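Subject: Structure for you to look at

Hello,

Here is the structure I promised to pass on. Please open it beside this email and follow along.

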Amino acid sequence: MAILRRYAAEIAVTVAVIAGSVVVSLGDGAETPRNAAVGWVCVALACAALFLRRRYPLPVTIFTAVCCAIYYPQTDPDGFVLLAFAFALYNNASTGRIRSAAVVAAASMGGVAIGEAGAGASRQVDNFAFLLMAGWFIALVAVGAVTYYRREAERTKEAEARRRATDERLRIARELHDVLGHNLALINVQAGAALHGKDPAKAEEALTTIKKTSKEALRELRATLGMLRQADTPSLARVAELAESAGAHGLTVRTEIDGTATELPPDVEHAAFRVVQEALTNVARHAAANTVVVRIGYTPHDVSVQIDDDGRGGTAEPGNGIRGMTERAEALGGELTAAAREDGGFRVRARLPLRVKK
């Protein structure tokens with residue numbers, strides 16, 4: 001059954017060609033058909049070639065044209081082998097080989113014209129039939145071209161839908177990583193302090209901070225889910241909240257503004273906020289720092305965020321955090337660098353253009 005479905009079109013055309021040729025042969029009044037064996041060989045070969053059309057569309061088209069060139073001048077009565085060539089011609093155009101299909105069609109019509117001009121009074125194709133055949137070939141190439149471009153448009157649409165779905169999954173993954181990773185990392189630090197500390201007062205302070213941070217994590221998660229439903233978007237106005245949260249875990253965070261703060265596009269504002277959030281998370285988890293400086297710079301063309309700490313510095317380990325920040329910046333046509341500073345500590349700097357370059 002699978003083979004029948006795969007070759008349904010070829011089988012249908014073969015049956016039509018053979019049945020039509022049989023009917024024409026039986027209805028002919030001639031007692032001894034001219035070169036009947038040659039005609040049936042051409043029919044068989046042309047129909048058999050159709051089953052190779054997917055792998056060799058152009059050679060099959062040329063081969064069926066050659067079969068027609070042998071069949072019609074050499075045999076009688078005229079059968080339906082031309083259907084095989086027509087099908088091959090359409091198939092060739094529908095696979096995107098439109099120029100070659102047009103060349104084969106033109107060459108076929110040229111061959112017919114030359115042959116009929118040399119036949120004189122014994123012409124087999126009159127002017128009307130010739131024009132009808134030419135129009136038929138042109139229509140087959142045109143319909144094949146339309147089929148090809150329509151198929152390509154559908155394929156492009158499907159590819160675009162898959163790309164958008166992938167981008168959306170990555171966006172959601174970054175959002176959840178930024179929100180949960182930031183707060184859970186801080187909770188982990190405080191839980192370790194409460195577990196290994198010997199001072200009950202500090203342990204109680206750590207647990208209080210854990211409670212506050214977990215509450216903030218739930219709030220952030222709700223806000224993120226709301227944002228994924230096209231609700232409110234985090235903005236740089238909330239950097240003070242990030243600084244306060246990091247300060248509760250022993251970090252001294254200082255915020256500096258360069259230039260005049262302006263209203264930013266939502267996607268730029270969102271990306272800048274997430275870069276600051278992720279950078280502060282990494283400082284709390286890995287840097288062993290005491291002080292962090294968050295510098296936000298505004299220009300008419302872009303906004304930049306720079307996060308400097310006085311921690312151990314060194315080479316950042318590859319992970320989802322830096323990769324996620326880099327993807328956010330590059331998605332907006334910007335750039336992000338994350339490297340140790342020469343005078344100690346670590347620096348994350350992102351530059352985000354206000355307009356995406358196309």
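**Helix 4 and its neighbours**

Helix 4 and helix 5 lie roughly antiparallel to each other, because their angle is over the 145 degrees needed for that label. The angle is about 160°, and the two axes are 9 Å apart. Their crossing is left-handed. On the helix 4 side, the contact is made by Pro-57, Leu-58, Val-60, Thr-61, Thr-64, Ala-65, Cys-68 and Tyr-72. Helix 5 brings Leu-82, Ala-84, Phe-85, Ala-88, Leu-89, Asn-91 and Asn-92. Helix 5 itself covers residues 82-94. Please keep in mind that this is a predicted model.

Helix 3, residues 36-50, also packs on helix 4. Here the angle is about 170° and the axes are 9 Å apart. That makes helix 3 roughly antiparallel to helix 4. This crossing, too, is left-handed. From helix 3, the contact uses Val-38, Gly-39, Cys-42, Val-43, Leu-45, Ala-46, Ala-49 and Leu-50. From helix 4, it uses Val-60, Phe-63, Thr-64, Cys-67, Ile-70 and Tyr-71. Val-60 and Thr-64 of helix 4 are in the contact with helix 5 and in the contact with helix 3.

Which residues of helix 4 are buried? They are Pro-57, Val-60, Thr-61, Thr-64, Ala-65, Cys-67, Cys-68, Tyr-71 and Tyr-72. They cover an arc of only 160° around the axis, so they sit on the same side of helix 4. An α-helix has 3.6 residues a turn, so residues three or four places apart point the same way.

The length of helix 4 also checks out. It holds 18 residues, 57-74, and at 1.5 Å a residue these should span 26 Å. The end C-alpha atoms are 26 Å apart, which agrees.

Helix 9 runs over residues 239-247. Val-239, Leu-242, Ala-243, Ser-245 and Ala-246 are buried there. Their arc around the axis is only 160°, which puts them on the same side of helix 9. Ala-240 and Glu-244 are on the other side, and they are exposed.

**Helix 10 and Glu-278**

Helix 10 covers residues 266-287. Of its 22 residues, 18 are buried, so helix 10 is largely enclosed by the rest of the structure. At 1.5 Å a residue, the 22 residues should span 32 Å. The end C-alpha atoms are 30 Å apart, which agrees. Ala-288 follows helix 10, and its phi is positive, near 55°.

Glu-278 is in helix 10. Is it buried or exposed? Glu-278 has a relative accessible area of 3%, so it falls under the 20% cut-off and counts as buried. Leaving out residues up to four places away in sequence, Glu-278 touches His-177, Asp-178, Gly-321 and Met-325.

**Two more residues to look at**

Glu-10 is in helix 2, residues 8-27. Its relative accessibility is 0%, so Glu-10 counts as buried. Which residues does Glu-10 contact, neighbours within four places in sequence aside? They are Leu-50, Phe-51, Arg-53, Arg-54 and Phe-87. Leu-50 also belongs to the helix 3 side of the contact with helix 4. Glu-10 and Leu-52 are 42 residues apart along the chain, and their C-alpha atoms are separated by 9.4 Å.

Ala-139 is in helix 7, residues 127-196. Its relative accessibility is 37%, so Ala-139 counts as partly exposed. Ala-139 and Tyr-90 are 49 residues apart in sequence. In space they are 9.0 Å apart, C-alpha to C-alpha.

**The whole chain**

The protein has 11 helices and 5 strands. Buried residues make up 38% of its 358 residues. Take the contacts between residues at least 6 apart in sequence: 71% of them join residues at least 24 apart.

Best wishes

Methods: Residues are numbered from 1 along each chain as its sequence is written. This is a predicted model: local features need pLDDT of at least 70, side-chain atom pairs count only at pLDDT 80 or more; totals for chains, interfaces and linings use all residues. Side-chain values use heavy atoms; hydrogens and water are left out. Helices (H or I, at least four residues) and strands (E, at least two) are DSSP runs, numbered from the N terminus. The expected span of a helix is 1.5 Å times one less than its number of residues. Buried means under 20% relative accessible area, exposed over 50%, partly exposed in between (1.4 Å probe, protein chains only). The arc is that of the directions from the helix axis to the C-beta atoms. Contact means heavy atoms within 4.5 Å. Axes are lines fitted to C-alpha atoms, for helices over the stretch in contact, and angles run from 0 to 180 degrees between N-to-C directions. Angles under 35 degrees count as roughly parallel, over 145 as roughly antiparallel, 65 to 115 as roughly perpendicular and the rest as oblique. A crossing is left-handed if the near helix is turned anticlockwise from the far one by less than a right angle, and right-handed if clockwise.
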